[in-house]
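Please read the points below with the structure open beside you, and look up each residue or element as it is mentioned.

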Amino acid sequence: MVVIAVVLMALIIDVPAMAKFVGFKNGWSVKKGLDLQGGTHLVYQTDLSKVKPGSETDSVNGVVTVIRRRIDSLGVSEPMIQKTRDNSRVIVELPGINDVNQAIKLIGETAQLEFREGIKGKSLDATDGTTVTSQNYDDWKDLGLTGAHFKSATVQIDQSSSSLINQPQVAIEFDGEGAKMFAEATQNNLKKPLAIFLDKKLISAPTVQDVITDGKAVINGNFTLQEAKNLSIQLNAGALPVPIALVSQNNIGATIGQEAVSKSVVAGLLGLLMVLLFMIISYRLPGLISAVALVMYTIVTLAIFIFIPVTLTLSGIAGFLISIGMAIDANILIFERMKEEIREGRSVMAAIDAGFDRAWSSIRDSNISTLITCVILYYFGSGLIRGFAITLGIGVVVSLFSALTITHILLRLIANTSLANKFGLWGARSR
Amino acid sequence: MNILGTRKIWFIFSAILLMAGIFAISVFGYRTGIDFAGGTILELQIKDAKVKNLDSRQAIIDAYKDKTGMDIAVQTTEAGRYFVRSNQISNGQKNAVVDYLKQKFNQVDELRFESVDPTIGADVVRKAILALIVAVIGILLYLAYAFRKVPKELGSFRFGTAAALATVHDILILLGLYAIIGKFWGAEVDGMFITALLTVVGFSTHDTIVTFDRIRENLRRRPGDNLEAVVNDSIVETIIRSISTSVTLLFVLIAMFFFGGATLKFFTLALIIGVCFGVYSSIFIASPLLLWGIKKR
């Protein structure tokens, strides 16, 4: 009864139509990995050379937070952003994203915006200091007026008469302290240029016309609309605490993933079918029972993947399919043992119990070796390998359970009927 | 059936295979996947009824030459699909290549772009080797533990060592054959191959344990009996289940190999080879090794 209940529950989880029938609105589905639904996997190397020793973790956590905020603006569902334990890398996964190039532009730039003051004779001409003579970052004086003091940034279209086309620009608003600093800076540099740098590159150096006290400024840098949007997203999300560089990238189109899924389903069903036939032909009645148990195993395992949830990748599917081939092995060990017991003159019922009892040590020992492998693969492996280790590992554990409970119960049920005396059905002819 | 009596044949057979494998490895070496060596894979689909396959291949070669300065080879995976593996190129360079092609053809789709920096590869290789070593040691320890209660003339360490040696034997044969497959069919050593190796470690031990478990049981049942006879009987008694458990696995693997798509083909092939030799070694190699150097009684 319990077994039937478990399998029924599993079916409800597996098949959306059944879930709806029972009354759940949407039903469940397997969480598909990047390689199956399409998307991009990006690995960034962090440059920690200028970070104070000891604060690496904080800095890289900051990077993760900033990237997350930037990505939120893209509307990607369930993005994954995490850093490696040694802080050397940040991994970003964006499932189902359309424009990978925009995402890469958005994520990778430090986006440190700075206002800097001119220095006479260095960045400005030596006589009255109103003409810009250097675009070099180091020739300008630090005012401490950076992205840390921004409250918000928005895209505007410049509609002033001076521009022929409607030029996109980014309007920023400083926070309280920033507004004070900005007012001071405009006061000190009245009628002189004030430089705006983005990642140490000069965007523009407008001449200050008035003292600005309301903390509002406009950056006009010949942006395209997309560039202006990106900059405003980046400014709102904050600058990256440390620079990062894209070292590895994996874009998968949605087509490839769908093909992989449908091919795997075909391969899986075919493999399952062959295993079922093999079992029925070689082991007769017990084989049929193990075939039923194997189908139940497949249903239950799939439900477990959905329930945990396990993100299914292509290698994960491989692990699951292989576990189908392995799941049956406990049954084979038990049935071979049963045949021996029947040959030695036991009744079918006694042979069933003895078969389970005596085969147990080899089943346990042999499956543990596979589990050890799975644990090691999981521990050392990257995403692809982990997917395989998880599904194979879960498969092995569930298969032990199904062999020891489902098959055992079903066999005992049938051994109580008159079928028990037809030895041919049990694969033991010599009697 | 006297399997132990024929062990010389199998030892020689294995020795030949192993030597051929070592020869293949040292002469052919391996191709490394981009996750190990770094590099770029770009898979494109060009749908343009008017364009011939040859023209689009040439266009891709030209695009790479023009935009990255690299000479590359194009593989055709399916009709209208092209696969290029090259040294690492940046996202920007890739976009330039795709744009170049888009100007020439109606519909150019970027199916897959994978780019890995060589520094990451070094890291992956280090971890993979570590994982292999840990797996073999872990299983050896586990075997010694699982077979701790065995009769004295065959200590538990002997069981562990014999099973581990049989497993190493399988791994070496797989490594050798894979070098040959790599040479002639282009299989690459990558993360998935290492996964296959480790999985074979698990499977091969799995098979050996079934036989060893029976030997352990029979030794207890028939104390004082001829050791060689006990071991041989145990092999014969378990040979069918050894083969059956692997056959079911092979069914699934073969289905995956033929119908499961290109990405995991070599992974599946490596597993098929590993499983086959796993059965072979558990029957013909592991048990004879168990008796190695023991006087007949």
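1. In this predicted model, A:Asn251 stands opposite B:Phe113, a residue of strand S5 of chain B.

2. Taken as a whole, the contact between the chains involves 55 residues of chain A and 54 residues of chain B. When the side of chain A that touches chain B is sorted by class, it has 30 nonpolar, 20 polar and 5 charged residues.

3. Elsewhere in chain A there is an open sheet of 3 strands, with the order S7-S8-S11 and with antiparallel pairing. Strand S7 (150-158) and strand S11 (216-219) of chain A each have a single partner strand and stand at the edges, so one side of each is left without a neighbour in the sheet. From one strand to the next, the twist averages 25°.

4. Within that sheet, strand S8 (residues 167-174) of chain A is joined to S11(A) by 4 bridges, and these two strands run antiparallel. To see this pairing residue by residue, the student may look at A:Val170, which stands opposite A:Ile219 in S11(A).

5. What lies across S7 and S8 of chain A? Helix H7 (residues 225-237) of chain A does, and this helix runs at about 170° to S7(A).

6. Chain B is divided into two parts, namely domain 1, which takes in 4-34 + 119-290, and domain 2, which takes in 39-116. The centres of these two domains of chain B, taken over C-alpha atoms, are separated by 41 Å.

7. How many residues of domain 1 of chain B are in contact with domain 2 of chain B? There are 4 residues of domain 1, and they are in contact with 6 residues of domain 2. On the side of domain 1 of chain B that touches domain 2, the residues divide into 3 nonpolar, 1 polar and no charged.

How values were computed: Residues numbered from 1 in each chain as written. Chains lettered and ligands numbered in written order. Predicted model: local features only at pLDDT ≥ 70, side-chain atom pairs only at ≥ 80, totals over all residues. Pairing = 2+ DSSP bridges. Axes fitted to C-alpha atoms, helices over the stretch in contact; angles between N-to-C directions. Contact = placed C-beta atoms within 7 Å. Nonpolar A, V, L, I, M, F, W, Y, C, P; charged D, E, K, R; others polar. Domains from an automatic or database assignment.
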